[in-house]
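Dear colleague,

Please find below the structure that I promised to hand over. My notes on the contacts between its parts follow directly after it.

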There are 2 protein chains.
Amino acid sequence: MVDIATRVYNHKWKIDPIVRSLIDTDFYKLLMCQSVFRNKPDTQVTFSLINRSTHIPLAKLIDEGELREQLDHIRSLSLSRGESTWLRGNTFYGKRQMFRPDFMEWFEGMRLPPYHLERKGDQYELTFEGKWHEVMLWEIPALAVLMELRSRAALDPMGKFELQVLYARAMTRVWEKIEALREVDNLSIADFGTRRRHSYLWQDWCVQAMHEGLGNAFTGTSNCRIAMMRELEAIGTNAHELPMVYAALADDDAELARAPYDVLSDWHDEHEGNLRIILPDTYGTKGFLDHAPDWLAGWTGIRVDSGDPATAAQTAIDWWRARGEDPTTKRVIFSDGLDVDKIKELHAQFAGKAKVSFGWGTLLTNDFRGLVPKDALAPFSLVCKAVSANGRPTVKLSDNPNKAMGPADEIARYKRVFGVGEQTAQQVIV
Amino acid sequence: MVDIATRVYNHKWKIDPIVRSLIDTDFYKLLMCQSVFRNKPDTQVTFSLINRSTHIPLAKLIDEGELREQLDHIRSLSLSRGESTWLRGNTFYGKRQMFRPDFMEWFEGMRLPPYHLERKGDQYELTFEGKWHEVMLWEIPALAVLMELRSRAALDPMGKFELQVLYARAMTRVWEKIEALREVDNLSIADFGTRRRHSYLWQDWCVQAMHEGLGNAFTGTSNCRIAMMRELEAIGTNAHELPMVYAALADDDAELARAPYDVLSDWHDEHEGNLRIILPDTYGTKGFLDHAPDWLAGWTGIRVDSGDPATAAQTAIDWWRARGEDPTTKRVIFSDGLDVDKIKELHAQFAGKAKVSFGWGTLLTNDFRGLVPKDALAPFSLVCKAVSANGRPTVKLSDNPNKAMGPADEIARYKRVFGVGEQTAQQVIV
């Protein structure tokens, strides 16, 4: 029986929106947004799309009109009543009223600021300018839109059954990964795959499959909308943009050296327990930990997001031990370039030495490698970053020189201030 | 948006019917039915279910009540107006009005006769008695019901995503077969998989996938209902039951020896062209061809359904040549135990020597091998055959002693009459 109303509604549909809600975003974005709203409400920033995979000609693959339609649609979104109720009433990391009333009131009235889009050769220049706590909310939806429009371009020529078999193959692949992960004792893994997902519906499928297949070993998803709809935990803490903007705002080298700790000091005041997770690699993990104040050693854990993950985890374990902490009570969250083999390897290596968790991103929610001709659905490295704050350029070094960004002279200054020496280059897959 | 009416309708649904139409059956059944209706209208037969795979305890797997519900539902079916229109108005093998008005009038009023069901240990005894042209129409739906109830039993404990991934895997497998078959030049292949299909919906999916994936190389389906719904060719000619019943009706050895040719003589009067396909193996291919009247050599082709297919095809080619016919103008249809490798091998061997076609059955519409624990969906050998006619037992020898059936003394008599010597046993997979 055809549902006539649905069919007619579908007919009238101008676009099939890729981002259908303001909370179709990563949970940590909202936590950071609240922190920025409180601590740095007047900071002006520019965020910019950066396609690290320059061989993917996004402007040839994606129609500019379609891209504008999707971005305009996102600007029309506002927090729905149910979403607001969920943010206000839900427990996050066991805590109620994680989001304060003044923040929620502001968020309920918020619309995303304008975007600037220009084609430059085969790439798009896409930037967002304005107040930090508003502009920052563009990052995840902008990435999701570009990822999904590129997916749609690759799927466009395919037949009905060819498409069904494509998804059958992708589902089988995800399920085989889940079956392999089932064998890992005491696994703790979450979905971190919003930003580079194949599509919203596909991420939603992957999350539900993880939930059915892994049970309690699946701890939740970073995607607030999916967490709400599927009654799962929303997962995440903080990201590089906090130290990057704090650092850009520093007036001299001394303030710069202190900036990453200022970020965590503000965070310390706002959060406790599982939300006190150190992200140490923005300007080099080693130097960050060496110069960290003692109170930071009391935090719950660390997130490893660049460089060789085993080296970084061992560095953290040694650091805790040196500061008189018991590493087996600490959490190490791996979140960079993970797939099943890497997860199993890191788990085998560090289970028992620390509490190990995984934030699994692109290769959970966008592993269509080898499934279409010319590998046109292979994941690629697209980011959307704060490139300046109050007119000053931002800098990221990370533990992988291939992930560094910022003007060359500023990179050199940051390396000097943070005492970063030789780094080992790692291939950036996604 | 939920379609409320559909949901409520689903609620009220007592059973999810496995056979939803009297023409959810093989096309050749209807051709044979018309022939029997005209030539042997007073013959009384008994058909019986035979599970050759005795290690599959059907009565333990399938609830008797559910089985009765499904069989009762089939007895409630009658030809719908649209189905009647399709049978009357469609072209089959290029011919209009394949089904004569008197046959159609009878068929429009027909209901299937009663069944007799009894549990015997771990198996069911399921028999059908009555007029041949009525009872014969039970064969395909009875097999489809038992196959699908057994599938449902295996699927019952599975979770939602586990189920989805099961079908994803099965779809991927079918598609990979289709992709492999795409490489075969001048392929001609049809779906013959109704009787041992996984389910109706699955057969329907496989047929559509074959259609999209193979284009004109896919010549159609034996399933009338699917042919009608998907606007494809209905494919099929005749089966062993004709010579088996004709042979059982023979009053002496001379009549018995003539019976298989009497069948084809009746067929010759009724059909031409692509419907004149010899099925020679009921009592041994070699002897059948050696003793065949010359007019049979003028027929369009042969169907190879038991024994070593290459040997049988070569026997036919040699026979045509000996009778002064050009084998390259003749069609050889392979229909026994086919899968991709066998299809490619036989095609490579006989393309150029004859017109080669394939009737692909169980391993198209029911290949779930290895996809569930204990291989509980592996295909098995279930048949529903005429076991007696006018009180006399039927006999089938075929080119594979493992497929022989009938009382031992009658088998011996038939072997003598038809001059069947040593036969090579072949494993019966499906």
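Between chain A and chain B of this predicted model the count is 4 salt bridges, a salt bridge being a side-chain nitrogen of Lys or Arg within 4 Å of a carboxyl oxygen of Asp or Glu. A:Glu176 forms a salt bridge with B:Arg169, with 3.5 Å between the closest N and O atoms. On the side of chain A that touches chain B, the elements giving two or more residues are helix H9 (160-182) and helix H10 (200-214) of chain A, and H9(A) provides the largest share, 12 residues; helices here are DSSP runs of H or I with at least four residues, strands are runs of E with at least two, and both are numbered from the N terminus.

The contact (heavy atoms within 4.5 Å) takes 21 residues from chain A and 21 residues from chain B. The area buried between the two chains, that is, the accessible area (1.4 Å probe) lost on putting them together, summed over both, is about 2,000 Å², and carbon and sulfur atoms give 61% of it.

Chain A can be laid on chain B with an RMSD of 0.0 Å by a turn of 180° and a shift of 0.1 Å along the axis, the superposition being by least squares on the C-alpha atoms of residues with pLDDT of at least 70 in both. The two copies are therefore related as by a two-fold rotation axis. A:Ala168 is the residue of chain A that comes closest to this axis, at 2.0 Å (C-alpha), and 100% of the contact residues of chain A recur in chain B, the same surface serving both copies.

Within chain A, an automatic or database assignment gives domain 1 (14-156 + 380-393) and domain 2 (160-365). These two domains bury about 4,000 Å² between them, 58% of it on carbon and sulfur atoms, and on the domain 1 side A:Tyr28, A:Tyr93 and A:Leu155 lose the most area, together 16% of what that side buries. The count between the domains is 7 salt bridges, and the side chains of A:Lys29 and A:Glu241 meet in a salt bridge at 2.4 Å, N to O.

As to conventions, residues are numbered from 1 along each chain as its sequence is written, and chains are lettered from A and ligands numbered from 1 in the order in which they are written. Local features need pLDDT of at least 70 and side-chain atom pairs count only at pLDDT 80 or more, while totals for chains, interfaces and linings use all residues, and side-chain values use heavy atoms, with hydrogens and water left out.

With best regards
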